[in-house]
Amino acid sequence: MNTDSNGVFEEVVSDRPLQDLLLLMPLLPVNDRGEIDYNAAAPELLNQIGANADLTMRTLHRGTAAIGRLLVTVSPEIGTGEFSADAMESIGWLLAEIGDLAATAQCLSVACHRYTADYAPATQKYITPTRP
């Protein structure tokens with residue numbers, strides 16, 4: 001078991017949480033309405049997805065804040081035209097997608113943690129993510 005850079009205890013720490021999150025998602029069972037069936041999912045899987053969703057959210061929030069700081073730094077160049085309007089539009093779309101991804105990661109994290117609140121295995125089982 002490891003801690004992250006903030007000293008927060010994580011049950012499952014991944015070097016690539018977003019990649020692992022995306023590659024673990026196909027392993028989740030889905031009901032007839034196309035919704036994730038958390039009750040039918042393996043608790044080990046939910047635990048890993050929840051941890052990866054938490055780390056992904058943290059990374060996205062910190063990255064978005066860093067992009068904001070960079071934009072503040074280059075704001076004089078935006079006013080003079082040295083920084084193109086197309087680039088600014090692309091950054092806007094990127095930030096919108098990052099925000100949506102962070103919100104979805106939060107929903108997954110909350111659901112996974114809710115369904116594994118009493119999960120306490122003697123030894124942690126690691127589920128290997130699928131490969132594209």
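Guide: R16 counts as exposed, at 54% relative accessibility. Exposed means over 50% relative accessible area, buried means under 20%, and partly exposed is in between, with a 1.4 Å probe and protein chains only. This is a predicted model, in which local features need pLDDT of at least 70 and side-chain atom pairs count only at pLDDT 80 or more, while totals for chains, interfaces and linings use all residues. Residues are numbered from 1 along each chain as its sequence is written, and side-chain values use heavy atoms, without hydrogens or water.

R16 sits in the loop between β2 (9-10) and α1. Helices (H or I, at least four residues) and strands (E, at least two) are DSSP runs, numbered from the N terminus. Now look across from R16 to L55. The two are 39 residues apart in sequence. In space, their C-alpha atoms are 9.0 Å apart.

Which residues of α1 are buried? They are P17, D20, L21, L23 and L24. These buried residues pack against α2 and α3.

T130 is 106 residues away along the chain, yet the C-alpha atoms of T130 and L24 are 6.2 Å apart. T130 belongs to the segment after α3. T130 counts as partly exposed, at 25% relative accessibility. T130 is in contact with L23, P26 and L27, leaving aside neighbours within four places in sequence. Contact means heavy atoms within 4.5 Å.

Next comes L28. With neighbours within four places in sequence left out, L28 is in contact with I36, A41, L45, L46 and I49. L28 also belongs to the largest nonpolar core, which has 15 residues. Such a core is a set of buried Ala, Val, Leu, Ile, Met, Phe, Trp, Tyr and Cys residues joined through side-chain atoms within 4.5 Å. The residues with the most contacts inside this core are L28, Y38, L45, L46 and I49. Each of α1 (17-24), α2 (43-80) and α3 (85-115) supplies at least two residues of the core. The largest share, 5 residues, comes from α2.

Take Y38 from that group. Y38 counts as buried, at 15% relative accessibility. What about aromatic pairs? The structure holds 1 aromatic pair. Y38 and Y115 form this pair, and it is stacked, with 5.1 Å from centre to centre and 15° between the planes. Y38 lies in the loop between α1 and α2 and Y115 in helix α3, so the pair ties together parts that are 77 residues apart in sequence. Rings of Phe, Tyr and Trp (its six-membered ring) pair if their centres lie within 6.5 Å; planes under 30 degrees apart count as stacked, over 60 as edge-to-face, and the rest as tilted. Y115 counts as partly exposed, at 31% relative accessibility.

Y115 leads us to α3. This helix has 31 residues and reaches 45 Å from its first C-alpha to its last. That is close to the 45 Å expected at 1.5 Å a residue. The expected span is 1.5 Å times one less than the number of residues. In α3, the buried residues are I98, A102, A105, L108, S109, A111 and C112. An α-helix has 3.6 residues a turn, so residues three or four places apart point the same way. The cover over the buried residues of α3 includes α1 and α2.

The structure holds 0 disulfides. A disulfide is a pair of cysteine sulfur atoms within 2.5 Å. C107 is in no disulfide, and its nearest cysteine sulfur, that of C112, is 11 Å away. C107 is exposed, at 55% relative accessibility. C112 is buried, with a relative accessible area of 0%.

T116 lies in the segment after α3. Its relative accessible area is 7%, so T116 is buried. T116 touches P43, L46 and N47, not counting residues up to four places away in sequence.

R33 forms a salt bridge with E35, and the closest N and O atoms are 2.9 Å apart. A salt bridge is a side-chain nitrogen of Lys or Arg within 4 Å of a carboxyl oxygen of Asp or Glu. By this rule the count comes to 1. R33 is exposed, with a relative accessible area of 66%. E35 counts as partly exposed, at 39%.
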